[in-house]
Amino acid sequence: MYLVEEATQLADKVFQMWIHAPQVARHARAGQFLILRIDETGERIPITISAVKGDSVRVIFMTIGKTTEHLSTLKKGDALRDVVGPLGKPSEIRKYGTVVVIGGGVGVASTPIIAREAKEAGNHVIGIIGARNKDLLLLEDEMKEICDELFITTDDGSKGIHGFASTVLEQLLKERELGCVWIIGPAIMMKVTSGVTKPYGVKTFVSLNPIMVDGTGMCGSCRVTVGGETKFACVDGPEFDAHQVDFGGLMQRQRMYVDEEKEALEHFHHPHGGCGCCGGEH
Amino acid sequence: MTDVSEHVTDFNEVNKGLSEENAVLEALRCMNCVRPSCVKGCPVCIDIPAFVEKVANRDFAGAVGVVKENNMLPAICGRVCPQETQCEGSCILARKEKPVSIGALERFVADWEREHGVKTPEVAAPTGKKVAVVGSGPAGLTAAAELARMGHSVTVFESLHAAGGVLMYGIPNFRLPKEIVQAEIEQVKALGVEIKLNHLVGRSVSTEELLAYDAVFLGTGAGLPYFMGIEGENLCGVYSANEFLTRVNLMHANCFPGFDTPVKRGAKVVVAGGGNVAMDAARVARRLGAEVTLVYRRREEDLPARAVEVTNAQAEGVNFVCCANPVQVLGEKTVSGVECVRMEMCELDASGRPKPSCIEGSNFVLEADVFIEAIGQGPNPLLVSMLPALTRERRGNVIVDEDGQTTIARVYAAGDVATGAATVIWAMGSAKKAAAAIDRMLRAE
Ligand SMILES: Cc1cc2nc3c(=O)[nH]c(=O)nc-3n(C[C@H](O)[C@H](O)[C@H](O)COP(=O)(O)OP(=O)(O)OC[C@H]3O[C@@H](n4cnc5c(N)ncnc54)[C@H](O)[C@@H]3O)c2cc1C
Ligand SMILES: Cc1cc2nc3c(=O)[nH]c(=O)nc-3n(C[C@H](O)[C@H](O)[C@H](O)COP(=O)(O)OP(=O)(O)OC[C@H]3O[C@@H](n4cnc5c(N)ncnc54)[C@H](O)[C@@H]3O)c2cc1C
Ligand code: SF4
Ligand code: SF4
Ligand code: FES
């Protein structure tokens with residue numbers, strides 16, 4: 001069992017949780033994730049490791065379906081049945097010169113840990129964090145503290161620059177010599193934003209989020225096409241060279257269970273007895 | 001055995017096992033040979049005549065004691081060993097009439113013990129040596145049990161949330177009930193073995209931490225699913241057998257939404273492959289309600305799966321299309337069909353089987369909404385690739401000597417990671433040898 005040490009809401013549908021998981025905290029690095037399972041009947045879901053403190057790790061998640069909704073109801077003192085990690089390869093952090101770390105929506109969760117390691121490696125770190133509006137903006141203070149420069153964008157202009165991260169990035173590419181760019185957010189945002197760096201030939205990483213089961217390279221559920229080759233995001237990634245990624249394929253596979261996901265959420269809100277095959281107890 | 005077709009909607013065990021009376025009668029058939037050939041056929045060398053004789057004398061506790069001298073997981077092996085090519089295949093009676101049903105008897109005594117209270121074998125005095133075992137499949141569990149009985153302090157690291165490896169995530173409940181796997185694992189734990197679940201070695205435990213143990217046993221298995229590399233393979237509805245089986249066996253997707261993990265049940269499922277894994281995937285798909293077609297590239301008589309599995313699959317209504325091979329998965333976003341080509345058998349290959357080759361222009365389409373590839377697995381590369389001093393052969397198998405010693409001092413490997421995908425009992429047999437070698441090494445210090 002893994003103790004929930006702190007659970008708070010950060011914004012509409014966005015929650016933060018500190019979990020006691022020493023074996024994950026001990027080796028966690030930027031870019032890695034964990035897989036958790038709330039209880040015996042739960043699904044294994046991957047979440048990025050957003051910060052580490054002592055024996056604990058922080059995750060930040062958005063409620064979009066059954067498991068994340070259930071997770072959002074947990075409080076300090078509750079426990080998760082399983083937490084495994086750190087999974088995936090750490091971000092390729094070294095001294096690039098000037099780097100840009102971009103987070104969109106809940107993808108901002110992954111940015112502080114990358115920005116911090118990039119800073120420690122001697123880079124000049126520029127952060128760009130974006131949200132639909134100012135109430136949905138995450139981790140502004142934390143990113144301000146880590147980054148040498150921080151840009152904020154909102155789709156509706158309620159805070160910072162009115163527009164998208166890609167607008168700011170475009171400007172930076174014109175004005176400065178950039179060594180490396182990280183983009184983390186919804187697949188469509190990563191696709192569009194990484195398109196901006198392509199003509200400049202700037203190394204760009206995106207963190208892919210396909211549907212996973214084991215997270216150890218055993219099932220192939222997380223397969224994505226990168227540079228024409230099949231890769232398993234859980235062990236070969238989750239970060240890949242953005243300019244090689246087949247985003248269309250990723251987005252298609254992410255939608256594989258939309259019908260089942262609706263049913264699961266419905267069942268969570270209105271449980272209707274058992275399925276018959278497990279004695280009706282679930 | 002009961003009629004299999006009546007079970008096709010549930011995941012309960014198909015083979016119900018022997019009654020006490022039938023077990024005794026079967027045991028009485030054994031001739032108690034002086035030079036028993038059956039023992040030579042058993043990879044862990046169980047003293048078969050001795051245990052069978054005890055069954056005949058109704059000393060079931062004594063019988064299980066004999067079995068456990070050499071095999072800590074008898075309820076599992078009694079169910080899934082390919083006995084027809086091992087102990088039973090070597091039984092002297094196999095040549096005349098029917099061999100003694102050694103597997104069924106082994107299962108019977110193990111089940112009898114579970115119902116009548118389990119006796120934990122003795123454990124030697126502590127040696128103060130610490131051994132790390134990576135992976136809790138049959139290889140890891142066997143090595144752990146052996147080493148614990150020898151008095152070493154054993155920690156097993158398992159990346160999944162349940163111990164057992166393929167026994168839990170791969171082999172379906174209707175062949176190997178999961179309570180039985182867990183009960184046998186409890187017996188391993190009773191020897192003092194600590195099992196740390198949710199620990200992926202190489203990530204949760206660094207290689208330095210691993211190599212700091214007095215000895216290391218790698219039992220990480222052959223969990224890497226191969227894909228055919230054909231067009232349309234990433235459409236929604238295409239699974240590796242590993243994923244399909246894991247979703248159902250480990251995550252209970254058959255009970256969705258009571259359990260949260262979904263699986264595409266499919267109305268028409270096509271399975272590619274002809275081994276035990278393919279049979280399991282096909283039989284699971286049948287139980288989820290689909291019409292199932294299995295496509296195999298060689299002839300029916302070449303099917304590598306156990307004969308009994310093929311028979312069961314057929315009895316449960318799986319259609320077999322032999323001498324055919326998928327060349328493309330059809331569909332827009334989700335699978336709508338599988339295009340196959342007919343195969344003809346040419347000259348024999350190195351293994352003595354005819355080589356299949358495509359018949360030009362013989363393409364045909366099988367309608368399908370789910371396609372499952374069960375064409376084989378390779379050793380899981382994650383950890384072994386992080387140990388650069390570990391020598392592996394071309395297909396990724398870790399190279400070991402006859403004691404299971406790898407090219408790194410103090411590091412041993414056995415089971416599927418060393419042999420490539422094989423069987424439960426071979427994994428156990430090789431793990432036992434490695435455990436003995438580890439013990440010799442530790443005592444020599
Ligand atoms: C490497 C990685 C890191 C991630 N990091 C974060 C994070 O830091 N914060 C966050 O909010 N989300 C993160 N996600 C996404 C998160 O895993 C999904 O939101 C979650 O699984 C949804 O589960 P659900 O039951 O609530 O929703 P569902 O209704 O089951 O699914 C909603 C959508 O989430 C995706 N999804 C569903 N099941 C899985 C699964 N088993 N694995 C991956 N995706 C799935 C699908 O695209 C689906 O359409 C990450 C995903 C990956 C692969
Ligand atoms: C569907 C299916 C059906 C089968 N049917 C039969 C049958 O009927 N009879 C038979 O004899 N054989 C059968 N086999 C083969 C048999 O299951 C295997 O040969 C056997 O399980 C191999 O044992 P193992 O201990 O080497 O590996 P596995 O059982 O694969 O166990 C390896 C374990 O190591 C864990 N692991 C891997 N890497 C790490 C790491 N880095 N850190 C921590 N843990 C790790 C894995 O999660 C896994 O639990 C079948 C196989 C499959 C897939
Ligand atoms: S372990 Fe397997 S091979 Fe050995 S006696 Fe038992 S069933 Fe036969
Ligand atoms: S070979 Fe057959 S008959 Fe002889 S001891 Fe073994 S099981 Fe009995
Ligand atoms: S999640 Fe199973 S291989 Fe990546």
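Guide: A residue counts as near a molecule or strand if one of its heavy atoms lies within 4 Å of it. This is a predicted model, where local features need pLDDT of at least 70, side-chain atom pairs count only at pLDDT 80 or more, totals for chains, interfaces and linings use all residues, and side-chain values use heavy atoms, without hydrogens or water. Residues are numbered from 1 along each chain as written, with chains lettered from A and ligands numbered from 1 in written order.

Visitor: Which residues come nearest to ligand 1?

Guide: There are 23 residues around ligand 1. Those that come nearest are A:Pro46, A:Ile60, A:Met62, A:Thr67 and A:Thr68.

Visitor: How far is a polar side-chain atom of A:Thr68 from an oxygen atom of ligand 1?

Guide: Let's go through the polar contacts (N or O atom pairs within 3.5 Å). A backbone N or O atom of A:Met62 is 2.9 Å from a ligand 1 oxygen, and a polar backbone atom of A:Thr67 also lies 2.9 Å from an oxygen of ligand 1. For the side chain of A:Thr68, the distance is 2.4 Å.

Visitor: Which element gives the most to the shell around ligand 1?

Guide: Elements here are DSSP runs numbered from the N terminus: helices (H or I, at least four residues) and strands (E, at least two). In chain A, strand 4 (45-48), strand 6 (56-62) and helix 2 (66-72) each give two or more residues. With four residues, the top contributor is strand 4 of chain A.

Visitor: Where does ligand 1 lie relative to the domains of chain A?

Guide: An automatic or database assignment sets the domain bounds, and the centres of the two domains, taken over C-alpha atoms, are 21 Å apart. Both domains give residues to the shell, so ligand 1 lies between domain 1 (2-87) and domain 2 (98-254) of chain A.

How values were computed:
A polar contact is a pair of N or O atoms within 3.5 Å; within protein, one must be able to donate a hydrogen and the other to accept it, and residues adjacent in sequence count only if both atoms are side-chain atoms.
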